[in-house]
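Good morning, colleagues. Please look at the sequence and the model on the screen before I describe them.

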Amino acid sequence: MKKLITGIKNGLHGKLTIPGDKSISHRAIMIGAISNGITEIKHFLLSDDCLTTVHAFQDLGVDIECHHNEVIVHGRGIDNLKPVKHTMNMGNSGTTTRLLSGILASLPFQTKLIGDQSLSKRPMKRISEPLNQMGAEIHLTNGHLPMTINGKKLHAIHYRLPVASAQVKSSIILAALNADADSVIDEPQSTRDHTERMLNQFSPQTIITGWHQIFIKHEPKLIGQNLTIPGDMSSAAFFIVAATLIPDSHIILKSVGINPGRLGLVHIIQRMGGHVELKHPSNPNEPIADLEIESVEHLKPIHVQHNDIPSMIDELPLVALLAAKADGISTIHGAEELRFKETDRIKTIVSEFQKLGIDIEELKDGFKIDGKKLWHVKNLNLDSHQDHRIGMTLAIAAGLLPKTANVKLNHEKSIDISYPEFFNDLNRLITK
Ligand SMILES: O=C(O)C1=C[C@@H](OP(=O)(O)O)[C@@H](O)[C@H](O)C1
Ligand SMILES: C=C(OP(=O)(O)O)C(=O)O
């Protein structure tokens, strides 16, 4: 149990460099590993999930050196990955499981994957179906992990994504690299395109993006690269929301990734009347900017629709927190994918927010929230339910309570999944 900081009175202040992006850190290891030559990664995210990816590729015979957040991957080329005799443990990481499966689907050996309790409940048919259509032989346990992958020579595919998911898209893209011809993916709703951008950096024109369509060249010659991982927008999000809601705040978050597929929260805050500005944008392979955030007294309620969801899928707990402080009733629809994350995030948000006295109602595909300025709480035990994003959202919510409130968080260790430095960084902004 961790005692949470309440009553942050004089606002958040100062500049902060946000740790590296989780999605891009995973991909840097994977694409580095299946390329030829050395990939040097700066500002890599040293979190539990990304270390799961590092260990998985070390098991597959790739030499990976970690010197704090500088990582060197000695790429072997996809066909030189070695069979792993033991069952591989994916821990809590959906991204590792789904993207790695795409790579293993074409390799001539059998691999067994397991995960922790939460990961073992998450749907895997969404990847086994297309990969099996390509010729792999993947067996699940009632649609979940444990999963056995018998890699085969793969055929090209033309596949329409039934769900807006960058993990499913990336799994198919990575499999398609090693297929017998070029593949096409139809993507009705756009999602983050980190895999596509990174592959084109390792071998130009591997991916060509059309109107809701992605063309994948097979057998590209991927060559190791030097990468600097942008700050993670999904981690920055906690401080963007905290600084918006805590009176007298003014902060700058340095070099945060502003990939259009990740900008949903910034747009929502702007629609609600908040002050988030993108400063000094630059556009290496992944666009970055400094974010300047100032608190506002009033936020308008918001109505979030299906199309808004993919670009802020991991920020929805925070969108719910903003709505809980807005002047009126907000609705979030089209967010049923939240039910398939580390927890059923619709249920965990509703149950934990109700403990805070927030007027929130569970909908099939989201929430209805009636914003109120004051929450009445004295002694409270909150619970992350082992879900890092829920834990951090609750820590920010606690900061909005009066100093007299005594609030504790259970299962706070889960925050290490994506942001081990979270509480230190929050303290830095409080004491500046
Ligand atoms: O591709 C990725 O790196 C991710 C995609 C999203 O998942 P889905 O693709 O399942 O929506 C997101 O929730 C996850 O945190 C990371
Ligand atoms: C859903 C998440 O990650 P993953 O799917 O990789 O477990 C997340 O980080 O919120």
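I begin with the annotation: an unreviewed UniProt entry lists residues 10-426 as "domain: Enolpyruvate transferase". UniProt positions are given in the numbering used here, the feature name is shortened, and such annotations may be inferred rather than shown by experiment. This is a predicted model, in which local features need pLDDT of at least 70, side-chain atom pairs count only at pLDDT 80 or more, and totals for chains, interfaces and linings use all residues. Residues are numbered from 1 along each chain as its sequence is written, while chains are lettered from A and ligands numbered from 1 in the order in which they are written.

Over residues 10-426, the chain is 29% helix and 26% strand, with the end C-alpha atoms 14 Å apart. The chain as a whole has 12 helices and 23 strands, counted as DSSP runs (H or I, at least four residues, for helices; E, at least two, for strands). Of its 432 residues, 52% are buried, that is, with 20 or more other C-beta atoms, placed from the backbone, within 10 Å of their own.

I turn now to ligand 2. Which residues are around ligand 2? They are Asp49, Ser93, Gly94, Thr95, Asp314, Lys341, Glu342, Arg389 and Ser418, each with its C-beta atom, placed from the backbone, within 6 Å of the ligand. The shell draws at least three residues from each of domain 1 (2-19 + 230-431) and domain 2 (22-222), with bounds from an automatic or database domain assignment.

Lastly, the C-alpha atoms of the chain fill a box of roughly 60 × 45 × 40 Å along the principal axes.

Terms used: Buried ≥ 20, exposed ≤ 12 C-beta atoms within 10 Å, placed from the backbone.
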